[in-house]
Amino acid sequence: MKRILLFVLTNVAVVAVLGIVASLLGVNRYLTANGLNLGALLGFALVMGFGGAIISLLISKPMAKWTAGVQVIAQPRSADEAWIVDTVRRLSEKAGIGMPEVGIFEGDANAFATGAFKNSALVAVSTGLLQGMTRDEVEAVIGHEIAHVANGDMVTMTLIQGVMNTFVVFLSRVIGYAVDSFLNRGNDQRSGPGIGYFVTTVVLDIVLGFLAAIIVAWFSRQREFRADAGSAQLLGRKQPMINALARLGGLHPGELPQSVQAFGITGSIGKLFASHPPIEERIAALQARA
């Protein structure tokens, strides 16, 4: 639940902080100086909504390496490392993408893929995953992460988050302007937005941000089903992925840094804000495949 709460609060905080900074810089006053300028507001919302999401995507690889403590395998130092690199290379070629960087990080069973471009991504697995699973199961997990990359999930999630943030910024300011106009009706002396506008926009940035996070999480859960199916397709059989999920259900879920948690393999027990479906549902979906 801690990972889910951090995920939600981070997205809400980004929009809220940007909104407060815009207010301090006088952007809101410009937008409402002579009535609400919807065209300018839409442009402002697009910049605010997509700016942070795109920046986060572009720095996702270095951030993942730093926050997770990923050790990139430049030159395999053991038979296990050589096998991991060869497996990533083989599955990447089969998926039709460029060879990702391959890394290992300390921790409980988990894995993730990240990066702004599918032909220069990063795939990392934890020491707990390598120690707690068979090679067939680890191969299935790697296939799952390769499927994320091949499906362009990092870019897709960024675009969805950007769209949601844009709606949050736009709607909060439109409603804030309406509230402020209602509170100041009959006051011909005021110039620019009042306290009603600022309070309403900040509150709605937070409230609508939570609603947007629910939508983003729903898309994330659908993406996990597709990555599971993608792993089965890459391996030519679904049983290894089923076995890996079943084993993960009995292992302690590894905690991933906030910057990569939505791209991990671990199932989540959260509901509306969960980035992953329950493992039982993922296994059932795989078993139902022809």
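In this predicted model, the side chains of E101 and K61 meet in a salt bridge, with N and O 2.8 Å apart, a salt bridge being a side-chain nitrogen of Lys or Arg within 4 Å of a carboxyl oxygen of Asp or Glu. Because E101 belongs to strand β2 (residues 101–105) and K61 to helix α4 (residues 60–68), the pair ties together parts that are 40 residues apart in sequence; helices (H or I, at least four residues) and strands (E, at least two) are DSSP runs numbered from the N terminus. E101 is partly exposed, at a relative accessible area of 27%, whereas K61 is buried, at 17%, where buried means under 20% relative accessible area, exposed over 50%, and partly exposed in between (1.4 Å probe, protein chains only). Residues are numbered from 1 along each chain as its sequence is written, and side-chain values use heavy atoms, with hydrogens and water left out. Local features need pLDDT of at least 70 and side-chain atom pairs count only at pLDDT 80 or more, while totals for chains, interfaces and linings use all residues.

A search of the whole structure finds 12 salt bridges, and another of them joins the side chains of R247 and E137, at 2.5 Å from N to O. This pair links distant parts of the chain, with R247 in helix α10 (residues 239–250) and E137 in helix α7 (residues 135–150), 110 residues apart. R247 counts as partly exposed at 33% relative accessibility, while E137 is buried with a relative accessible area of 6%. A further salt bridge is formed by E224 with R223, whose closest N and O atoms are 2.4 Å apart, and both E224 and R223 are buried. R223 and E224 are also part of a network of salt bridges that links them with D228 and R282.

The largest nonpolar core contains 37 residues, of which I84, V125, L129, M133, I142 and I146 touch the most other members; a nonpolar core is a set of buried Ala, Val, Leu, Ile, Met, Phe, Trp, Tyr and Cys residues joined through side-chain atoms within 4.5 Å. At least two residues of this core are supplied by each of α5 (79–95), β2, β3 (111–114), β4 (122–126), α7, α9 (195–235), α10 and α11 (279–287), and the largest share, 6 residues, comes from α7. When residues up to four places away in sequence are not counted, I146 touches V88, L91, S92, A95, I97, P100, V123 and L234, contact meaning heavy atoms within 4.5 Å. A second, separate core of 8 residues includes I160, L204, L208 and V216.

The strands form an open sheet of 4 members in the order β1-β2-β4-β3, with mixed pairing, two strands being paired if DSSP finds at least two bridges between them. Its edge strands, β1 (71–72) and β3, each pair on one side only. Strands β3 and β4 run antiparallel and are joined by 4 bridges, and F112 has A124 in β4 as its bridge partner. Helix α4 packs on the sheet, where α4 touches β1, β2, β3 and β4, and its direction makes about 155° with that of β3. Helix α5 also packs on the sheet, touching β2 and β4, with its direction at about 140° to that of β2; axes are lines fitted to C-alpha atoms, for helices over the stretch in contact, and angles run from 0 to 180 degrees between N-to-C directions.
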